[in-house]
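Please find below a colleague's note on the structure shown here.

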Amino acid sequence: MELSKVTLEIFSKLEQKWLSHCTKEGNSKKTRILSIDGGGTTAIVAGAALLRLEDQIRHHTSDPHAHIADFFDVVAGTGIGAVLAAMITASDSFGRPLYTAREAVNLITDRNSDLYKLKTAGIFRRRRRFSSRSMDTVLKEVFTRKDDGKLLTLKDTCKPLLVPCFDLKSSAPFVFSRADACESPSFDFELWKVCRATSATPSCFKPFPLESVDGKKSCSAVDGGLVMNNPTAAAVTHVLHNKRDFPAVNGVEDLLVLSIGNGSSSAKARENHEPSVIDIVLDGVSETIDQMLGNAFCWNRSDYVRIQAFGLGSEGTVTEEVVEEKSEVLKERALESLPFGGKRLLTETNGNRIDSFVQRLVATGKPTPLSSPRKNSAVNPLVNGR
């Protein structure tokens, strides 16, 4: 009897060591995805999360020049989230990120009144819209390299980038993808146009017409948030089916995902402001995707982390109070989607969850090598999708 107990203890310890070894091996092979929601104009939640993410990466690596793009294999974004995603992945002349997260967030804050310049429309000049010309000007400046004056395209990114919109011509969602841009110039678009397309909310902007760099592909785009406000599912699907770039990925167990929200319209309701139909759609899309991914990662929940703030809305102009709210986002206790419905309030705050995620992120090993397709002329054909 005693021998059986000793044998059981030995095998238990061996099993624990084996599982620990497998976990370390699994972590080192995981493909890392960063996704940033659309919604609103201020990017309070996304801005706060990205600043914390970058600061923690630099702290844990002891590298003051580390970039978020160094530690992720794919970045996706919608609306204002796409602007941030494109900025932190856009590459300079040497293939390094053109902007740090802090530079990107500060630019969104400082130029917010130009990005979303209010104007009146309609017969009685009462309809609230934003100036297309003003946003175009800012985005062109942001995505023009200062050293050579080049307008950057999807291929000028140091990591794969995914940005959705809805194409009125085909009446279907369209995802701008660096993988597609590498395959054909007919799917390569200027970055400022990509961001402009995914930000064209119907109630605020007219549909945005755009063409690929060779003029062979065109679409009439409206806000990608209408169909993919939370682009995490699109990013996961992209990785699972893109065997050219991610041959080792066979399922969600091979992924490490950080999904960042952008606030909830429920805060507006609490402030006695009726949320618009667009707000309800954006929230509904984001929460549905979060629930689906919660189900997909139910057996390895630490591999999927969702950062969202339900205590503040996503609209309004950037004021001193709004800037201060960024710190409050990180103090809010996190909510986690439960399998098959419902949420639970965690003891961890959003800031705590980012800190824990970064520890896993850094533990996966050295930063993945940055690569821009501009450096490689030969492009292999895609297999099983983008």
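1. Salt bridges. The count in this predicted model comes to 22 salt bridges, where a salt bridge is a side-chain nitrogen of Lys or Arg within 4 Å of a carboxyl oxygen of Asp or Glu. The model is predicted, with local features requiring pLDDT of at least 70 and side-chain atom pairs counting only at pLDDT 80 or more, while totals for chains, interfaces and linings use all residues. Residues are numbered from 1 along each chain as its sequence is written, and side-chain values use heavy atoms, with hydrogens and water left out.

2. The pair D37 and R306. These two residues form a salt bridge in which the closest N and O atoms are 2.7 Å apart. Helices (H or I, at least four residues) and strands (E, at least two) are DSSP runs, numbered from the N terminus. Are D37 and R306 buried or exposed? D37 counts as buried at 1% relative accessibility, and R306 is buried with a relative accessible area of 4%. Here buried means under 20% relative accessible area, exposed over 50%, and partly exposed in between (1.4 Å probe, protein chains only).

3. The pair D55 and R102. A salt bridge joins the side chains of D55 and R102, at 2.9 Å from N to O. Because D55 lies in helix 2 and R102 in helix 4 (residues 101-110), the pair ties together parts that are 47 residues apart in sequence. D55 is partly exposed, with a relative accessible area of 35%; for R102, also partly exposed, the value is 35%.

4. Further salt bridges. E190 forms a salt bridge with K193, and the closest N and O atoms of this pair are 3.9 Å apart.

5. Overall composition. The secondary structure of the chain comes to 14 helices and 12 strands. Of the 386 residues in the chain, buried residues make up 53%. Contact means heavy atoms within 4.5 Å. Among the contacts in the chain with a separation of 6 or more, residues 24 or more positions apart account for 72%.

6. Nonpolar cores. The largest nonpolar core has 73 residues, and those with the most contacts inside it are L34, L53 and F176. Helix 2 gives the most to this core, with 9 residues. A second, separate core of 19 residues includes I33, M228, V236 and L255. A nonpolar core is a set of buried Ala, Val, Leu, Ile, Met, Phe, Trp, Tyr and Cys residues joined through side-chain atoms within 4.5 Å. In soluble globular proteins, nonpolar side chains tend to be buried together.

7. Strands 5 and 6. Strand 5 (161-167) and strand 6 (residues 172-177) pair in the antiparallel sense over 6 bridges; two strands pair if DSSP finds at least two bridges between them. The bridge partner of D167 is A172, in strand 6. The hairpin of these strands has 4 residues between them, and S171 takes a positive phi near 55° there. Leaving out residues up to four places away in sequence, F176 touches residues including L161, V163, F189, V194 and A197.

8. Helix 8 and F143. Helix 8 (residues 191-198) is mostly covered, since 7 of its 8 residues are buried. Its buried residues pack against helix 3 (80-89), helix 6, strand 5, strand 6, strand 7 (208-211) and strand 8 (218-222). F143 lies in the loop between helix 6 (132-142) and strand 5, and is buried with a relative accessible area of 0%. Setting aside neighbours within four places in sequence, the contacts of F143 include V83, A86, M87, L191, W192 and C195.

9. Confidence. The chain averages a pLDDT of 82, and 77% of the residues score at least 70; pLDDT is the predictor's confidence in each residue, from 0 to 100. Over residues 17-27 the pLDDT is below 50, and this stretch has 2 contacts in the model beyond near neighbours in sequence. Residues 268-272 also have pLDDT below 50, with 6 contacts beyond near neighbours in sequence. Where pLDDT is low, the predicted coordinates should not be read in detail.
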